[in-house]
Amino acid sequence: MRWNFIEVEKRHEEEVIELLRSSPFTAFLPKKQRYFKKQDYVTVLDRLLFPGTVIITSDLTQDEFARQFNTWLEQHPTELIHREAKEYFYLSNDEQHFIASLMDEHNVIHQSIGILNAKRLIIQSGPLKGMENRIKKIDRHQRTAQVQFQICGQVILLYLGLIVKPSD
């Protein structure tokens, strides 16, 4: 299965998923858990991993997928989905495997837990365990880690949840 990126209007991703339920395509939204604190209120929320995009899985070739998806869009016109003339971006097998290895069965990347031992980060549990070398920066206040990742030929930083506990 290939993961195709479909650009949609920001803040309308859930509406597009509902629209695609009646289509022959299988779509999902990868999410990540984020820690939020405002005064005394603390919560963990699911946020979109790639805002403004929906991922559609398909076994079709890139050209065939674009043709079939655009044909479906012509029959179901909407302003929420950005139509591409010839091709849609898709993830390579390595990129797809990396993201899939971080997500659970509900397509959510949970927070990881780690410790700093002599200024060296050790992830004890969570999806980032064993990926310490990919982490470029830690924000202990926001409880996030900047994880370097290559997507569609570009290096990007994903901000994923990381709780850093003091070492014993």
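Buried residues are taken as those under 20% relative accessible area, exposed residues as those over 50%, and partly exposed residues as those in between (1.4 Å probe, protein chains only). The model is predicted, so local features need pLDDT of at least 70 and side-chain atom pairs count only at pLDDT 80 or more, while totals for chains, interfaces and linings use all residues. Residues are numbered from 1 along each chain as its sequence is written, and side-chain values use heavy atoms, with hydrogens and water left out.

Helices (H or I, at least four residues) and strands (E, at least two) are DSSP runs numbered from the N terminus. In helix α1 (residues 13-20), the buried positions are Glu-13, Val-16, Ile-17 and Leu-20. These residues lie on the same side of α1 because they cover an arc of only 105° around the axis, the arc being that of the directions from the helix axis to the C-beta atoms. An α-helix has 3.6 residues a turn, so residues three or four places apart point the same way. The elements covering the buried residues of α1 include β2 (26-28), β4 (41-48), β5 and α2 (62-75).

Helix α3 has the buried residues Glu-95, Gln-96, Phe-98, Ile-99 and Leu-102. Their arc of only 160° around the axis puts them on the same side of α3. On the face turned away from this buried side are the exposed residues Asn-93, Asp-94 and His-97. The buried residues of α3 pack against β1, β6 (108-109), β10 and β11.

A nonpolar core is defined as a set of buried Ala, Val, Leu, Ile, Met, Phe, Trp, Tyr and Cys residues joined through side-chain atoms within 4.5 Å. The largest such core comprises 25 residues, and Ile-99, Leu-128 and Leu-160 have the most contacts inside it. At least two residues of this core come from each of β1 (2-7), α3 (93-102), β8 (120-125), β10 (144-151) and β11 (154-166). A second, separate core has 17 residues, among them Ile-17, Leu-29, Trp-72 and Ile-81. With contact meaning heavy atoms within 4.5 Å, and with neighbours within four places in sequence left aside, the partners of Leu-160 include Lys-32, Leu-49, Leu-102, Ile-109 and Leu-128.

Strand β9 (residues 135-139) runs antiparallel to β10 and is joined to β10 by four bridges; two strands pair if DSSP finds at least two bridges between them. Within this pairing, Ile-135 stands opposite Val-147 of β10. The two strands, β9 and β10, form a hairpin with four residues between them, and Arg-143 in the turn has a positive phi of about 60°.

Thr-57 is located in strand β5 (residues 53-58) and counts as buried, at 16% relative accessibility. Beyond its neighbours within four places in sequence, Thr-57 is in contact with Met-1, Arg-2, Trp-3, Thr-26 and Phe-28. Val-155 in strand β11 is exposed, with a relative accessible area of 54%. Residues up to four places away in sequence not being counted, Val-155 touches Gln-148, Phe-149 and Gln-150. Asp-139 in strand β9 is partly exposed, with a relative accessible area of 31%.
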